[in-house]
Amino acid sequence: AALAGVVEYRNVTFAYPGAESPVLSNISFTARPGQTVAIIGSTGAGKTSLLSLLPRLYDPVEGEVLLDGVPVSRLDRAEITKRVALVPQRPYLFSGTIEHNLRFGKSEATDRELWDALRVAQGESFVRDKKNGLDARIAQGGTNVSGGQRQRLCIARALVTKPRVYLFDDSFSALDVATDARLRAALKQTTADATVIIVAQRVSTITEADQILVLDNGRIVDRGTHEELLETSPTYQEIVES
Ligand code: DCP
Ligand code: MG
């Protein structure tokens, strides 16, 4: 159970270095293996900032982020990276082959594991369609693939590392509704035992989440399931209607 993947934010307040006012205030929640916690809120609410504290891209100014009961401030980044995969909002691809891009973070993965990850991420067919398959070249920044293909390659890259915790930052926004649905169904199976924290724009992406956190101006203003929030949260209702 030492590597279970329990994530806990405990009274976390965060300001960017040099900034006067915090972008996150008193954030507390727990996400356990097998659960999906979704974060929703308007642009600038602090969703990306919140995710960034787990892999220690930044550290809180108050409070603690814990991974399996240990403050992440006591873990080094390499150790966290083995257990936590972040799919960033602006998915990053570098100049090299598709294979290089997928192995980034886990160089010893087999080709079979790369294709398995691509299948789940709904990227199998477009990679297969490329003349050179896994050896096809990606331009710096992934400018020669579409935004949706970029997202799917970055999701596949995260899957290859087989982490205990997945952080998806708006990772499905460039996908059409049908691909989004297929991808999430496949992910649900593959990540069934993992801890999943997902930032989403579309409410349809998160209706099945075990817990939804409604973030507004750096604070969790409401939390609950989709059904609960429809009843109790005016902020959530606004997001649903928008
Ligand atoms: N911010 C900052 N410095 C950064 C990144 C963000 O000062 N390097 C500020 C801008 C916002 C606030 O922090 O006022 C929250 O930014 P987030 O990126 O965390 O917001 P979201 O992810 O919720 O917004 P979006 O939905 O647009 O991705
Ligand atoms: Mg963001």
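Some conventions come first. Residues are numbered from 1 along each chain as its sequence is written, and chains are lettered from A and ligands numbered from 1 in the order in which they are written. Because the model is predicted, local features need pLDDT of at least 70 and side-chain atom pairs count only at pLDDT 80 or more, while totals for chains, interfaces and linings use all residues; side-chain values use heavy atoms, with hydrogens and water left out.

I turn to the helices. Helices are DSSP runs of H or I with at least four residues, strands are runs of E with at least two, and both are numbered from the N terminus. Two packed helices are described by the angle between their axes and the distance between the axes. Helix α6, residues 147–160, packs against helix α7, residues 177–190, at an angle of about 0 degrees, and their axes are 13 Å apart. An axis here is a line fitted to C-alpha atoms, for helices over the stretch in contact, and angles run from 0 to 180 degrees between N-to-C directions. The two helices α6 and α7 are therefore roughly parallel to each other (angles under 35 degrees count as roughly parallel, over 145 as roughly antiparallel, 65 to 115 as roughly perpendicular and the rest as oblique).

Which residues of α6 and α7 meet? From α6 come R152, I155 and L159, and from α7 come T179, L183, L187 and T190, where contact means heavy atoms within 4.5 Å.

Next, the salt bridges. The structure holds 12 salt bridges, each defined as a side-chain nitrogen of Lys or Arg within 4 Å of a carboxyl oxygen of Asp or Glu. D180 and R184 are 4 residues apart, about one helical turn.

Is D180 buried or exposed? D180 counts as buried, at 1% relative accessibility, whereas R184, at 23%, is partly exposed (buried means under 20% relative accessible area, exposed over 50%, partly exposed in between, with a 1.4 Å probe and protein chains only).

A second pair is E113 with K162, at 2.8 Å, N to O. This pair links distant parts of the chain: E113 lies in helix α4 and K162 in the loop between α6 and β9, 49 residues apart. E113 is partly exposed at 23%, and K162 is exposed at 51%.

Finally, R112 and D116 meet at 3.7 Å, N to O. Both lie in helix α4, residues 111–120.
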